[in-house]
Amino acid sequence: MTSTQHTAPSTTSPAGNPIGFGRMLRKEDARFLRGQGHYLDDLVVPGMLHAAILRSPVAHARIVSIDTSQAEAHPKVRAVITGATLESLNLAWMPTLSADVQAVLATDKVRFQGQEVAMVVAEDKYSARDALELIDVEYDDLPPVVDARKALDPDAPVIRDDVEGRTDNHIFDWEAGDKARADEVFAAADVVVTQEMLYPRVHPAPMETCGTIASMDRVTGRLTVWSTNQAPHAHRTIYALVAGIPEHNIQIISPDIGGGFGNKVGIYPGYVLAVVGSILTGKPVKWVEDRGENLMSTSFARDYHMKGEIAATRDGRILGVRVDVLADHGAFNGTAQPTKFPAGFFHIFTGSYDLEAAYCKVTGVYTNKAPGGVAYACSFRITEAVYLVERMVDLLADELGADPAELRLKNLLRPEQFPYVSKTGWEYDSGDYPRALKKAMEIAGYDELRREQREKRERGELMGIGISFFTEGVGAGPRKHMDILGLGMADGCELRLHPTGKAQLRLSVQTQGQGHETTFAQIVSHELGIPPEDIDVIHGDTSNTPFGLGTYGSRSTPVSGAAAAVAAQRVRDKARVITAAALECSTDDLEWEQGRWYVKGDPSQGKTIAEVSMLAHGTLELPEGVEGHLDASVVYDPPNLTYPFGAYICVVDVDSGTGQVTVRRFIAVDDCGPRVNPMIVEGQVHGGLADGVGMALMQVIAFDEDGNCVGGSFMDYLLPTSMECPSWETGETVTPSPHHPLGLKGIGESATVGSPPAVVNAVIDALEPYGVRHADMPLTPANVWMAMQGRPMRTDLAVQ
Ligand code: MCN
Ligand code: CUN
């Protein structure tokens, strides 16, 4: 047999994109950059009515009466819904993601400022808003509890007296680790450092607020819901269970989403109310919240009061960590996290260190504040855990007079310890921590920075260098351990090849800006050699995608990305069988190279995946047991979480006259395994670092003593801009996950998790000449100034 010359397949597609992994511009940007995205508020459904929500002006009060007669008389109003309407439909309360209940509309009492009291449905949104003013609600004020530390006082007002027999504001106690062993280790340690700290209440504040359009077809009984949500399939099941509508008659569509950051995981009262409005009027009803409503009433994040303790030997070997947490969950326990973990994944507070013992106790309490608790790129409370341990390590360094980088290098887990089971039961899949930290120190020029700092201190200038090292656990399930309201965390995926070799990939996860249309196409491209531009990624529509639990906890790449890879591998295996049939050879004779199967030793004899797809749809006689067409469907149940990690170094200058902090440099070395699209990964890291600067320096959803939320607008709740951010310096190391089919780990929340402690550690380091040991976020100029004067800080004021 004579062989023709065979050339290696091209590594770039006809459109100039990489085949498989690599930098490419985002496919979705073609429409976004032209202003042609379809966000919820862009959608117009024929006959659509508009809704607005009346909210409580006070934090805690009994509702004496609600008079809606004037609003109902408004010529453009079609319906006014109150708690009484909902009670008649048995919809006044809905389950939260933590299996608590939340009032859809307040009936007996209002429990936080901004709580939903009534909804008006009108012909246009202006009339709906106007009619809110016509509703007369009489409130009988009750004393509010806004401070979690006071919520458990015996004489504190009971917020959740809707639950019969409830006499306090206690929600749960949860513990992890080994208390007895930790106590032993602490008793024997040379050095113990203790610090109380608050991770303040912050808000994910996505660019697009939340909203929905609900359309109930009275003839077919079919409910169509367009909504800004990160988990459409979970929403569908919850609607079915709550409203009693058969699940096959519900379609949830998530259109383009302008940022989620955890804010769009849950179901808000407004969504249920829009459905009720549509049932009552027989018309589609749109409800979109404004910025104030978003900041005051939707899922907040953090609000963790933590007391940390760290134990070590005199020569700097860390032995143990203990933490006591008071977790403020607001008026309803609406945190989104796996059922087994009421404190989320906080028990990863052992961080990246090789400890002998660890123990934590978390107590959840109700307060008169908006519900939520896990949102804002949090990895289910890993944010709080990383902050705690990284502050404690710095406090220990300070106590021992050790360099914080050296202390970390001495105590970080070593590569040979992986897979490593932590003292609170996590199995970290893979890691090379010292390599990442050394790389960050190299990029930063760490020794040179310390020298510069010494010089500046001599001149009275305040410069600080802060380090943080974090390990995350992302990609929930496995489903046997993790669920939301009983739905196990696994994800379906369907890959279909068209006869011409172009492909369609259907996902259960839901992008909110992370670029899934691009990266998931790249994953399939990597496995099948099909150009990424020829792979259409479909998501965000329960009627057109397989079931799965959606996007949060950076789980898309670890779970759904694995599903896509396995689906593509199955298609490749099937293509091999078909190629063998077509070439009349054995599958063992075939070898794979990007995009094609060919005969070993004779590369000219082969079939590209497109050729195979045509054969699979054609008349070729297929071997026994092989079905026509070329597709695969997978449900992926991850064996474990993936454990990305990173080393961050922040350099700040503090103005000793004003307390103003300037982040001068920020070095971030992240390891998320191989990067599908390095440009998108860097974008994720840049965004998360900006989040971290925002939280560390300027953000807090604050309340006054009466429970008034003083963070309800962007005048009070500050978002970081490019003015507050340096030019990020990023680096990477690559440690594949041993259990993900492509070694990928999640990255979406890493930088938000890892950066706040680096910034705070830097500021505290800068304030060393003033003897400041700790100061809580946000480190606004006023708070830094107070810390410098040795005075208590203010966390009750948003802008200072
Ligand atoms: N990626 C990659 N290589 C890897 C890991 C990830 O190329 N090794 C790519 C992914 O394919 C995906 C992106 O990076 O395009 C993020 O992937 P992943 O870490 O899997 O996170 P998710 O897609 O599940 O996104 C969720 C995560 C969360 S929980 C929050 S909160 C957050 C975040 O993503 N919200 C965001 N980043 C956000 N980015 C934007 N623009 N908008 C949000 O709302
Ligand atoms: Cu907690 S914010 Mo993201 O997991 O959606």
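Modeller: An oxygen atom of ligand 2 sits 2.5 Å from a polar backbone atom of G553; a polar contact here is a pair of N or O atoms within 3.5 Å. This is a predicted model, where local features need pLDDT of at least 70, side-chain atom pairs count only at pLDDT 80 or more, and totals for chains, interfaces and linings use all residues. Residues are numbered from 1 along each chain as its sequence is written, chains are lettered from A and ligands numbered from 1 in the order written, and side-chain values use heavy atoms, with hydrogens and water left out.

Biologist: OK, what else is an oxygen atom of ligand 2 close to, say in the side chain of Q230?

Modeller: For Q230, an N or O atom of the side chain is 3.0 Å from a ligand 2 oxygen. G262 has a polar backbone atom 3.2 Å from an oxygen of ligand 2.

Biologist: And which protein donor does the copper atom of ligand 2 have?

Modeller: Only C378, through SG, at 2.0 Å. Donors are N, O and S atoms within 2.8 Å of the metal (3.2 Å for Na, K and Ca), and water is not among the atoms, so sites may look incomplete.

Biologist: Where is C378 placed?

Modeller: In the loop between β18 (372-373) and α10 (382-400). Helices (H or I, at least four residues) and strands (E, at least two) are DSSP runs, numbered from the N terminus.

Biologist: Which residues are around ligand 2?

Modeller: Among them are F261, A375, Y376, S379, Y552 and E749; a residue counts as near if one of its heavy atoms lies within 4 Å.

Biologist: Switching to ligand 1: how many residues surround it?

Modeller: 32, and the closest are G260, Q514, H516, T557 and I747. The side chain of H516 has an N or O atom 2.6 Å from an oxygen of ligand 1, and S556 puts a polar side-chain atom 2.7 Å from a ligand 1 oxygen. K745 has a backbone N or O atom 3.3 Å from a nitrogen of ligand 1.

Biologist: Which helices each supply at least two residues of that shell around ligand 1?

Modeller: α14 (516-528), α15 (556-583) and α17 do.

Biologist: In what sense do β32 and β33 pair?

Modeller: Parallel, over 4 bridges, with β32 at residues 661-671 and β33 at residues 729-732. Pairing needs at least two DSSP bridges between the strands. V669 has G731 in β33 as its bridge partner.

How values were computed: Polar contact = N/O pair within 3.5 Å; in protein donor to acceptor, adjacent residues only side chain to side chain.
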